[in-house]
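Biologist: I would like to go through this structure and ask, for each label, what stands behind it. Please give me the cut-offs as we go.

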Amino acid sequence: MEIQLWHNILNPYELAVRELVAKFNHLIKEHRDRDLYSPIEQVTGRVKSISSILEKMQRKGIPMERMEEEVEDIAGLRIICQFVEDIEKVAEIISKRSDMEIKSVKDYIRNMKESGYRSYHLIIYYTVETMDGPKKLQAEIQIRTMAMNFWATIEHSLQYKYKTNIPKHVKERLSKAAEAIIALDNEMSSVRSEIMDAQNSSQLQTNLVSDILNNIENLYRLSNKREVMKIQDEFYRIYATNDLRQLQQFHEQLDIISEGYRAQAVTCDIQGGF
Ligand code: 0O2
């Protein structure tokens, strides 16, 4: 039997996890940059430990030469959402991407596991470029809400402690907690639009403030410093009112002023050139 060079086998999976995490984080950023609500709150990834791969192979009777086909979660991603409704959106986004191909789906939200576990799992094919050329591999994406993740994390650590023999009274508690998690997710869904509105406003304000301060900085370089100080004071005054509409108007006016100064600077440059 050939010697297993674990490092070589796992290397492309490490690359896949790094790339996938970066891509999902970029999606969050794209949403926020456009003042849009992001259905993804957070993403993490890991490569399964060798001991965990071996344990799964032993438990499922997977031979070494079938490992990469049959252990589908060597590369694992976890996407955390705020609301149950976001999970479907994320799955839809993934299904439309050209760099990820869905192999299979396990919906443990509609079909909760006996343990109380709820999560939406996708196995995808993803290709990484390596020194030896492209390598198409599998990755598992678990999509769940923060509340589902809280439950699963606690239950997973108990599984680790008790192996398969979680005491009955602990199981009962976990089952009760799983019901509470369902109720919590439902409660949150019922105020989803209010929460989303609040978060959108907060993101809009963050982007506006950043744009305004950029504009003020640019103006400071181009125009009369005392005028710019006055503009900055006006910004602080409006900011203190906590009125998003006023802030938006101020942003628009500042844009017009900046545009004027930029046009003036270009004219001067051209005239100076002659
Ligand atoms: P890890 O990396 O320690 O999380 P299985 O036969 O259950 O091992 P299968 O058939 O490959 O797994 O797929 P399944 O059922 O979709 O489970 C894959 C992963 O989902 C598990 O990975 C867990 O992360 C998670 N999961 C599934 N069931 C439960 C559960 O009852 N409780 C918790 N907390 N998590 C669960 P692994 O293999 O455990 O590895």
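Modeller: Asp 35 sits in the loop between α1 and β1. Helices (H or I, at least four residues) and strands (E, at least two) are DSSP runs, numbered from the N terminus. This is a predicted model, in which local features need pLDDT of at least 70 and side-chain atom pairs count only at pLDDT 80 or more, while totals for chains, interfaces and linings use all residues. Residues are numbered from 1 along each chain as its sequence is written, and side-chain values use heavy atoms, with hydrogens and water left out.

Biologist: Why is Asp 35 called partly exposed?

Modeller: Buried means under 20% relative accessible area, exposed means over 50%, and partly exposed is in between (1.4 Å probe, protein chains only). Asp 35 has a relative accessible area of 28%, so it is partly exposed.

Biologist: What is noted about the phi of Asp 35?

Modeller: The phi of Asp 35 is positive, about 55°, although this residue is not a glycine. Most residues other than glycine have a negative phi. Asn 242 is also not a glycine and has a positive phi, of about 65°.

Biologist: Where is Asn 242, and is Asn 242 buried or exposed?

Modeller: Asn 242 lies in the loop between α8 (225-241) and α9 (244-273). Its relative accessible area is 63%, so Asn 242 is exposed.

Biologist: What makes Lys 48 count as buried?

Modeller: Its relative accessibility is 10%, so Lys 48 counts as buried. Lys 48 is in the loop between β1 (42-47) and α2 (50-60).

Biologist: Which residues does Lys 48 touch, not counting residues up to four places away in sequence?

Modeller: With that exclusion, Lys 48 touches Leu 10, Ile 53, Lys 56, Val 71, Asp 73 and Ile 74. Contact means heavy atoms within 4.5 Å.

Biologist: How do you know that the side chains of Lys 48 and Asp 73 make a polar contact?

Modeller: A polar contact is a pair of N or O atoms within 3.5 Å; within protein, one must be able to donate a hydrogen and the other to accept it, and residues adjacent in sequence count only if both atoms are side-chain atoms. The value for the side chains of Lys 48 and Asp 73 is 3.0 Å. The side chains of Glu 101 and Lys 136 make a polar contact too, at 3.5 Å.

Biologist: Where is Glu 101, and what makes Glu 101 partly exposed?

Modeller: Glu 101 is in strand β3. Its relative accessible area is 41%, so Glu 101 is partly exposed. Leaving aside neighbours within four places in sequence, Glu 101 is in contact with Ile 123, Ile 124, Tyr 125 and Lys 136.

Biologist: Why is Thr 145 called buried, and what does Thr 145 touch?

Modeller: The relative accessible area of Thr 145 is 0%, so Thr 145 is buried. Thr 145 is in strand β5. Not counting residues up to four places away in sequence, Thr 145 touches residues including Ile 80, Phe 83 and Asp 185.

Biologist: Why is Glu 88 called exposed?

Modeller: Glu 88, in helix α4 (residues 84-96), has a relative accessible area of 57%, so Glu 88 is exposed.

Biologist: What makes a set of points a pocket, and what is the volume of the largest pocket?

Modeller: On a 1 Å grid over the protein atoms alone, a pocket is an open set of points with protein on both sides within 12 Å along at least five of seven lines, and lining residues have an atom within 4 Å of a point. The volume of the largest pocket is about 1800 Å³. This pocket is lined by 43 residues, and Lys 48, Lys 56, Arg 59, His 156 and Gln 159 lie nearest its centre.

Biologist: Which residues line the second largest pocket?

Modeller: Among them are Asn 8, Asn 11, Pro 12 and Leu 15. Helix α1 gives the most to this lining, with four residues. The second largest pocket holds about 190 Å³ of space.

Biologist: Which domains are given, and what separates their centres?

Modeller: The domain assignment gives domain 1 (3-168) and domain 2 (195-273); such bounds come from an automatic or database assignment. The centres of domain 1 and domain 2, taken over C-alpha atoms, are separated by 43 Å. Seven residues of domain 1 are in contact with seven residues of domain 2.

Methods: 1 Å grid on protein atoms, 1.4 Å probe; cavity = no way out; pocket = protein on both sides within 12 Å on 5 of 7 lines; lining within 4 Å. Points joined across faces, edges and corners; volume = space filled by probe spheres on them.
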